[in-house]
Structure formats: structure tokens, C-alpha cells
Amino acid sequence: MAHSPSRVFAAVSPSAGDVYQDENETVFNRGRKQTPLHTLNNTRVVQMTGCAELSYPPDRATVTISVKNSKEHVNDVTNSVTRRLEYILQTARQHDVKEESISVTKHLQREEELFHMRAEVLVVFSDFEKMQQARSVLIEKLDKSVCVGDPYYSHSAESLSLLRRRVCLEAVDNARLKASEACCILGQALGRPLLVREEESREWTSGQHEVTDSPLTLHQKTGVTLVTASSRVFVAFELRPKDSNRRKF
């Protein structure tokens with residue numbers, strides 16, 4: 001988790017309405033149409049921007065297993081491929097893969113006196129350790145007619161949605177912390193939030209490795225698909241005077 005470095009917290013503006021504005025806001029944003037906070041019954045306001053950056057590793061791995069064979073009789077080639085398919089599907093189920101995470105395609109063709117059949121199984125794992133165990137079983141138990149591919153790591157829609165929500169909330173919390181510290185410096189108290197607006201949201205793939213002659217390890221392949229998201233928000237808080245009449249004991 002990474003946070004934007006703190007710079008100047010706030011600048012006191014002597015204009016009507018006592019609006020305290022974050023100086024880190026860009027000139028472009030200052031030119032945009034802003035919500036008229038100063039019209040809220042002369043409410044004193046402190047405005048801040050908050051930034052956050054979070055990274056998520058992949059949460060699923062897709063493994064492709066292909067089976068092919070050739071026979072003189074169609075029944076022979078069909079039975080041969082089907083037996084191997086049943087073993088592949090059974091192995092996936094034994095490693096807690098749900099039916100909706102398995103897809104099977106088959107293709108049969110004839111060339112001269114031979115029937116060629118090819119089948120492909122796509123298995124999506126959410127448990128990487130069980131994925132490795134299942135691959136090891138298939139590679140060990142099945143013959144050369146079966147090809148077990150390397151895992152392809154990716155992010156589910158649920159994982160990306162959670163990443164976007166978390167990074168936005170983290171940016172809001174950073175803005176609140178900055179506003180709270182600014183209020184302490186100015187001798188004021190931070191009130192309720194008046195406006196929250198996400199100014200920018202970005203995502204990119206990080207953790208890329210340099211190209212080398214050596215193959216990537218499983219850990220490196222996982223890092224290749226690391227997704228990072230950033231968020232910048234604008235938050236306005238009510239500014240309250242500190243209670244100077246409270247008794248001190």
C-alpha cells in the first residue's frame with residue numbers, strides 16, 4: 001500500500017465564507033466548476049485532496065489441458081479420448097473445482113484412413129496450491145497424448161471491483177487525515193464532510209520482469225499480472241472552532 005507524500009496541508013483564504021483550500025490542487029482542477037460550498041449559510045469549509053495506491057495479486061489461474069489421438073475406427077478414437085477426459089474432469093473435481101469453472105470442447109475429423117479427435121479442457125482454479133497439485137497428478141498419470149499447459153493468471157471481476165472500492169476509500173481516509181492535521185495547525189476542529197468527489201481513477205498492470213533467457217518461475221508469473229489501482233479524491237469538511245470554554249481540570 002502506497003500513499004501520496006504530504007506537502008503543504010492548507011492555505012488560509014481570507015475570502016468570505018472562510019474556505020480553507022488544499023494548495024496541492026492543480027490549476028486545471030481550480031478552473032473546473034466547483035460546488036458552491038460558500039453558499040451553505042456561511043459555513044466555514046476546509047477542502048482537501050487525498051490520494052491512494054493499492055496493488056492486488058491475481059486470484060484465479062486458468063489451466064488448459066488438451067487430449068488428442070488418432071485411430072482407424074471412430075469408436076476407438078472416441079473411447080480413447082473420452083477415458084482421458086473423464087480422468088481429467090475427475091481430478092479437477094477432486095481439487096475443489098466447481099462445474100461452472102470447467103469447460104470442454106471436442107473436435108473430430110477424418111483424414112484418409114484415420115480418425116483424429118482432439119479435446120480441450122479449460123479449468124479455472126481459485127486455489128493456486130490445489131492447481132499445482134492437480135497439474136502434477138495429470139502430468140504424472142497421463143501419457144503423452146495429454147498436454148497440460150502452464151497456468152494463466154488473471155483477476156476476477158469481483159477482485160477488481162473490491163480493489164477499486166478499497167483504493168477510493170483509502171484516498172478518502174487520507175484526505176480526512178490531512179484535513180484533521182491541518183485543523184490542528186490552524187487551531188480549529190474538523191466537522192462533518194460536506195462533499196466527496198473522486199477526481200481521478202487509474203489502473204495498470206505492474207510487476208513486469210525483464211526479458212531473460214531463463215523461464216519465469218510460478219511466483220514471477222504471478223507477479224507479471226499484478227494489478228495496481230490509484231485514486232484521487234476531493235473532500236470538503238465543515239470547519240468548526242475549538243471549544244475554548246471547556247474547563248480544564
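Author: The lining of the largest cavity has 8 nonpolar, 1 polar and 1 charged residues (Ala, Val, Leu, Ile, Met, Phe, Trp, Tyr, Cys and Pro count as nonpolar, Asp, Glu, Lys and Arg as charged, and the others, Gly among them, as polar). This is a predicted model, in which local features need pLDDT of at least 70 and side-chain atom pairs pLDDT 80 or more, while totals for chains, interfaces and linings use all residues. Residues are numbered from 1 along each chain as its sequence is written, and side-chain values use heavy atoms, without hydrogens and water.

The lining consists of V63, I65, I88, T91, A92, V123, F125, A134, R135 and L138. At least two lining residues come from each of β5 (60–71), α2 (74–94), β7 (114–125) and α3 (128–141); helices (H or I, at least four residues) and strands (E, at least two) are DSSP runs, numbered from the N terminus. The volume of the largest cavity is about 40 Å³.

The largest nonpolar core has 25 residues, of which I65, I88, I102, V121, V123, F125 and V146 touch the most other members. To this core β5, α2, β7, α3 and β8 (146–148) each supply at least two residues. A nonpolar core is a set of buried Ala, Val, Leu, Ile, Met, Phe, Trp, Tyr and Cys residues joined through side-chain atoms within 4.5 Å, buried being under 20% relative accessible area with a 1.4 Å probe, protein chains only.

Beyond four places in sequence, F125 is in contact (heavy atoms within 4.5 Å) with D59, R60, A61, V63, V97, K130, M131 and A134.

Definitions and conventions. On a 1 Å grid over the protein atoms alone, a cavity is a set of points where a 1.4 Å probe fits but cannot get out, and a pocket is an open set with protein on both sides within 12 Å along at least five of seven lines; lining residues have an atom within 4 Å of a point. Grid points are joined across faces, edges and corners, and a volume is the space filled by probe spheres set on the points. Buried means under 20% relative accessible area, exposed over 50%, partly exposed in between (1.4 Å probe, protein chains only).
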